[in-house]
Structure formats: C-alpha cells, structure tokens
Amino acid sequence: MAATLLLLASCSEWISTEPRHAITDERALDDMSGIEGAVIGMYDILQIGSYYGRDMFVAGEMLADNAQLAIANSGRFRDHSVNAIGSGFGEDVPVWTSAYRIINTANLIFEFLPDVPDGTPARVNQAMGEAHFMRGLAYFDL
C-alpha cells in the first residue's frame, strides 16, 4: 500500500524533461555565441579526411600523376593512380555531404543573424562575411 501511494504521489515534472542532446535551430542561433559557434562548425567540416583533410588534394594529385601510390597505402586511391575512376573522386559522397552541410549551416546563419540581439556590427559583419565565403567555397567544390 505504501509503494502504491509513493508512486501516485510522484512528480510528473521529472519525467517530462527537454532533451539536452538536441536543440532547435532557433534556440541554437539565438545569440552571437551560437552564431559564432556555427561559423566555427563550418570550418570544422573542412577538416574531414574525405574533404579538405585529405581527399580534395590527394585525389587531384593522383589523377595528375603528381603523386605515386605507395606499397604501404591502405588501398585508397588505387583507381586514381591509373585514371580508372567513375564520375567523381570515387569516394565523392562524403565530399557532397560535407559541402551541403556547410551550405545549410551558412543559410541558417543568414536566416538568424539579423535577429541576434547581442551582436555588434563588427561581429555581425565578420560572421556574415565568413558564412558567405564558406558557402561560396562549398558551391565551388561541388
């Protein structure tokens, strides 16, 4: 009987909590620190190995015969060294997804940046310029 009373008397507020691992775009980009974090996130995408972290440079060098395939290679770029790849870099899906992630982030910055209450003109212009550059670079890569 005591256990039943304890269960019936419990608080429902503990059960209905907001998820902490995911927030909406409006909440993430509602201040200047969120906008600047999104700008840093665009640069972080560039570091991915299948994007500017490796493949954008190595694949072109392999196709132009400026680089040679080493015996210790892990099996990557084997088709590039003999110019026998398909329509892309062979692993072009990560390049596309990375570029479109940058474009999406830049578009979100353009949408929410004018409504940021704590942005000084210098910080707003800096974030806007970097988002324009990153979106242009991603379109160029595509």
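Student: Hey, which helix is S98 found in?
Tutor: In this predicted model, S98 is in helix α5, which covers residues 92–112.

Student: And is S98 buried or exposed?
Tutor: S98 counts as buried, because its relative accessibility is 3% and the cut-off for buried is under 20%.

Student: OK, what does S98 touch?
Tutor: Leaving out residues up to four places away in sequence, S98 touches I45, I48 and Y51.

Student: Switching topic: which residues of the largest nonpolar core touch the most other members?
Tutor: Those are I35, M42, Y51, I102, I109 and L113, out of 26 residues in that core. Helices α3, α5 and α6 each supply at least two of the core's residues.

Student: Where does the largest share come from?
Tutor: From α5, with nine residues.

Student: Why would nonpolar side chains end up together?
Tutor: In soluble globular proteins, they tend to be buried together.

Student: What does I35 touch, then?
Tutor: Not counting residues up to four places away in sequence, I35 touches L29, I109, F112, L113, V116 and A127.

Student: Now the helices. How do α3 and α6 cross?
Tutor: The axes of α3 (residues 32–46) and α6 (residues 121–141) come within 10 Å and cross at roughly 25 degrees. That angle makes α3 roughly parallel to α6, since angles under 35 degrees count that way. The crossing is left-handed.

Student: Which residues make the contact?
Tutor: On the α3 side they include I35, M42 and Y43, and on the α6 side they include A127, M134 and L137. By class, the contact has 11 nonpolar, one polar and three charged residues.

Note on methods
Residues are numbered from 1 along each chain as its sequence is written. This is a predicted model: local features need pLDDT of at least 70, side-chain atom pairs count only at pLDDT 80 or more; totals for chains, interfaces and linings use all residues. Side-chain values use heavy atoms; hydrogens and water are left out. Axes are lines fitted to C-alpha atoms, for helices over the stretch in contact, and angles run from 0 to 180 degrees between N-to-C directions. Helices (H or I, at least four residues) and strands (E, at least two) are DSSP runs, numbered from the N terminus. Angles under 35 degrees count as roughly parallel, over 145 as roughly antiparallel, 65 to 115 as roughly perpendicular and the rest as oblique. A crossing is left-handed if the near helix is turned anticlockwise from the far one by less than a right angle, and right-handed if clockwise. Contact means heavy atoms within 4.5 Å. Ala, Val, Leu, Ile, Met, Phe, Trp, Tyr, Cys and Pro count as nonpolar, Asp, Glu, Lys and Arg as charged, and the others, Gly among them, as polar. Buried means under 20% relative accessible area, exposed over 50%, partly exposed in between (1.4 Å probe, protein chains only). A nonpolar core is a set of buried Ala, Val, Leu, Ile, Met, Phe, Trp, Tyr and Cys residues joined through side-chain atoms within 4.5 Å.
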